[in-house]
Amino acid sequence: MAPKRTKRFTRELEKFKKKEPEAYRRIEMAINELILDPEGRSNHRLGTTLKGYRAFKVNDDLRIRYQICRECREREMQERCIDCDDTPDDQVMLLSVGHHKDVY
Ligand SMILES: [Zn+2]
């Protein structure tokens, strides 16, 4: 199933495409990897203020922040998807992408 992307995510990805094409290529590859196994071991749940969100490690520096709709409904998320009520449980929503220091 194709992941959904927030406006923020799309905007951030566009910036990479223009300014950091190599990072952009890696991110696109990482998205494909992520959707094959959104709950896999490359991912981790975040604690404290970003509790409930997940992060996917693109490389040492780049992170994709995302959530899975089942978890989005179970918890009170700060960024619940726009059309969460119409999405399947395993819908992946890509929230944000960037350098480690910018995403968290
Ligand atoms: Zn949702």
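**Leu-94 and its surroundings**

Modeller: Apart from neighbours within four places in sequence, Leu-94 is in contact with Pro-3, Lys-4, Arg-5, Thr-6, Phe-9, Ile-64 and Tyr-66. Two residues are in contact if their C-beta atoms, placed from the backbone, lie within 7 Å. This is a predicted model: local features need pLDDT of at least 70, side-chain atom pairs count only at pLDDT 80 or more, and totals for chains, interfaces and linings use all residues. Residues are numbered from 1 along each chain as its sequence is written.

Colleague: Where does Leu-94 lie? And is it buried or exposed?

Modeller: Leu-94 lies in strand E5. Helices (H or I, at least four residues) and strands (E, at least two) are DSSP runs, numbered from the N terminus. Leu-94 is buried because 23 other C-beta atoms are within 10 Å. A residue is buried if 20 or more other C-beta atoms lie within 10 Å of its own, exposed if 12 or fewer, and partly exposed in between, with C-beta atoms placed from the backbone.

Colleague: What about Gln-91, where is that found?

Modeller: Gln-91 is found in the loop between helix H3 (69-74) and E5. Gln-91 counts as buried because it has 20 C-beta neighbours inside 10 Å. Beyond four places in sequence, the contacts of Gln-91 are Met-1, Lys-4 and Cys-69. The C-alpha atoms of Gln-91 and Ile-68 are separated by 5.7 Å, although these residues are 23 apart along the chain.

Colleague: Changing topic: which residues of H2 are buried?

Modeller: Ala-23, Ile-27, Ile-31 and Leu-34 are buried in H2. Seen down the axis of H2, the buried residues fall within an arc of 90°, so they line one face of the helix. The arc is that of the directions from the helix axis to the C-beta atoms.

Colleague: What do they pack against, and which residues are on the other side?

Modeller: The buried residues of H2 pack against helix H1 (7-19) and strands E3 (54-57), E4 (62-68) and E5 (92-99). On the other side of H2, the exposed residues are Pro-21, Glu-22, Arg-25, Met-29, Asn-32 and Leu-36.

Colleague: And the whole chain: how many helices and strands are there?

Modeller: The protein chain has 4 helices and 5 strands, in the order β-α-α-β-β-β-α-β-α along the sequence. Of its 104 residues, 29% are buried.
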